[in-house]
Amino acid sequence: METNHHTTQQTEKEKNPNLEKISGIKMKSIGVLMTCPMHKYLEQQLETHFNLFKLWHCNSSITEFLKTHQGNTIRAVVGNTEIGADAELIASLPSLEIVASYSVGLDKIDLRKCEEKGIRVANTPDVLTDDVADLAIGLILGVLRGICASDAYVRIGKWKDADFGLATKFSGKSVGIVGLGRIGTAIAKRAEAFGCSISYFSRSQKPFANYKFYSNIIDLATSCQILIVACALTEETRHIINREVIDALGPKGILINIGRGAHVDETELVSALLEGRLGGAGLDVYENEPDVPEELLGLGNVVLQPHVGSDTVETSDAMADLVISNLKAHFSKKSLLTPVI
Amino acid sequence: MASYANQECFQSNDDLPIVLLHRLPSFNSPLKDILQPHFHLLDPADSPEPASSFLSCHAKSVRALICIYNTPLSAETLNLLPSLELIVAASAGVDHIDLEECRCRGIIMTNASTAFAEDAADHAVALLIDVCRRISTGDRFVRAGLWPVKRDCSLGFKMGRKRVGIVGLGRIGFEVGKRLEAFGCSIAYNSRKKKPSVPFSYHANVLDLAEDSDALILCCSLTEQTHHIINKDVLEALGKEGVIINVGRGALIDEKVLVQFLLRGDIGGAGLDVFENEPDVPRELFELDNVVLSPHRAIFTSESLEALHELVFTNLKAFFSNKPLQSVFQIE
């Protein structure tokens, strides 16, 4: 049997020596819509392999754009955390077969609509896990040890006048993680190396995890000094960090958000920081990016990042490669590498 | 609660063991108040008498001395203390103390390594993550209101899984290695001696270590041998994408050369807690986004200071009771 299969394959190859070249040309005619600028390398790759349409070149409405640019030839959408594929966009693309997200988060994709219409969805898990976890630890250290604040202190020449002041130790502190998925687990592993005690809140207890489980997020916040949001954004987790949780974390507590801005009631967060009811915060995400509450810009006990969790040269390229691979797999009728639906 | 706070003291000052507080007049340490109930403290900086005359008159029988932070302790001063047996250095580094004189006299020295090691290691890791991931740069970007305008901040570089080379595998270096392993980094080191019990690979010299590393982390003490141990050759070996982190002493690095390498883009970045002429920092570094500057504060947390006070108190008590000391510094 194996020999026959092998012979059959060889015969096919003999018949079509330019098999790859032909499928490459075929793919070049496939319309792919990129929703916004995300990564130059990804854009270049999409342009090389497919017929790329750029939504941000649209001066009129999306519908007009798609009429002019042959929306019905678009068979794939590449979105990200800024602009994904909502119901409106999906409805305006009658030939849409796959949404390949340049992100692991799926909150900007109407998954229900995709399922209804049999549209495949792929994302970029795993390749970015380490970078996001590294940033979470970087934010904790940035806040507790005042790294960014003291860097600014030196750059404006203040060190000549006086020393910066005492910081707070990180090693040995209690860490609470909201969401013990891939990223939450990676964060826990790193924090353990600093001698931190780890506890978590999740939809359900994870049998493989050797950490203390809390079924109630208030109890988690009460028990820990550093609370890290690392879960997916869903209806249930929107504003999961509210006033009650913030008060439970307390004036010596710090909040780290590497999830989504909407996980945190931002108004409550800002007032807690201004009133000293919360010790500090490290934020990579906000409710209305790229707008950051002005009140935070002058605070010394916060570290603010412009949604860069996976923004390293290495990971951006790896994510781009994964998007391309998923698209190629789909259009070659092969299995998706990282399917969601 | 700190152990010294629990100890009651009924002895009069005359019966208390004498301890000399060696400090620059500007160094006001809480240690004085903490130790006063338990020891007869001599504080020349508090006296109108010049230090040398004070010591000659009052300190001949002094057996123990506390050196506050990096107050210089010279052979000249040590010569005025013929009965000195113990120096308790309230600092991690001891390069401000005449070690040769101590060695000749057989004076025991303790430092604050055990109190400070974790904080110093945390700080080194913090600087490495910040330099690679451009955290301070991103923070400046947001605070300057540039995010809505420019949309994208420049990309950082993956910090995890880097090959890390630790220069000086003492207590601090070991704690750094332990932490970075959890980020998937491979750890190698150079030290005066190979440490067989340690799970990291040893390199006989810093140049070889630099060749094999993506990031060098300096955790060693400053001695004649380690002065400018990071020079042009080492930086070249580290390479254009290499990162250097210094939580040791400024003079471990040839600073002028480092600045040139950074300005020319011949090295990937630097996270510096110490400089050759503190608090002066080369102004050229202020414009760079691949540099993180820290005003010599790797160990300045409230927790480490409390640990230091506890350690100093415990060691002095132990010394005067002929009990074993902690954090003894081996003078070689």
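## Basis of the model

The model is predicted: local features need pLDDT of at least 70 and side-chain atom pairs count only at pLDDT 80 or more, while totals for chains, interfaces and linings use all residues. Residues are numbered from 1 along each chain as its sequence is written, chains are lettered from A and ligands numbered from 1 in the order in which they are written, and side-chain values use heavy atoms, with hydrogens and water left out.

## Two domains in chain A

Chain A is divided into domain 1 (27-123 + 315-332) and domain 2 (128-304); such bounds come from an automatic or database domain assignment. Taken over C-alpha atoms, the centres of the two domains are 33 Å apart.

UniProt, in an unreviewed entry, lists residues 137-309 of chain A as "domain: D-isomer specific 2-hydroxyacid dehydrogenase NAD-binding". UniProt positions are given in the numbering used here, feature names are shortened, and annotations may be inferred rather than shown by experiment. The span 137-309 of chain A is 29% helix and 16% strand, and its end C-alpha atoms lie 11 Å apart. Helices (H or I, at least four residues) and strands (E, at least two) are DSSP runs, numbered from the N terminus.

## Where the domains meet

Six residues of domain 1 of chain A are in contact with five residues of domain 2 of chain A, contact meaning heavy atoms within 4.5 Å. About 560 Å² is buried between these domains, and carbon and sulfur atoms give 57% of that area. Buried area is the accessible area (1.4 Å probe) that two parts lose on being put together, summed over both. On the side of domain 1 of chain A, A:Val104, A:Asp107 and A:Thr315 supply 72% of the area buried against domain 2, more than any other three residues.

One salt bridge is found across this domain interface. A salt bridge is a side-chain nitrogen of Lys or Arg within 4 Å of a carboxyl oxygen of Asp or Glu. A:Arg260 forms a salt bridge with A:Asp107, and their closest N and O atoms are 2.9 Å apart.

## Where the chains meet

Between chain B and chain A, 57 residues of chain B are in contact with 57 residues of chain A. The area buried between the two chains is about 5000 Å², with 58% from carbon and sulfur atoms. In chain B, B:Arg133, B:Arg143 and B:Trp147 lose the most area to chain A, together 16% of what that side buries.

Eight salt bridges are found across the interface of chain B and chain A. B:Asp119 forms a salt bridge with A:Arg145, the closest N and O atoms lying 3.5 Å apart. Several elements of chain B each supply at least two residues to the side that touches chain A, including α6 (113-133), α7 (135-143) and α13 (302-320). α6(B) gives the most, with ten residues.

## Backbone details

A cis peptide bond joins A:Glu289 and A:Pro290, with omega about 5 degrees. A:Pro290 sits in the loop between β11 (280-283) and β12 (302-304) of chain A. In chain B, a cis peptide bond joins B:Glu278 and B:Pro279, with omega about 0 degrees. B:Pro279 has its place in the loop between β11 (269-272) and β12 of chain B.

B:Arg134 has a phi near 55 degrees, a positive value in a residue other than glycine. B:Arg134 is found in the loop between α6 and α7 of chain B.
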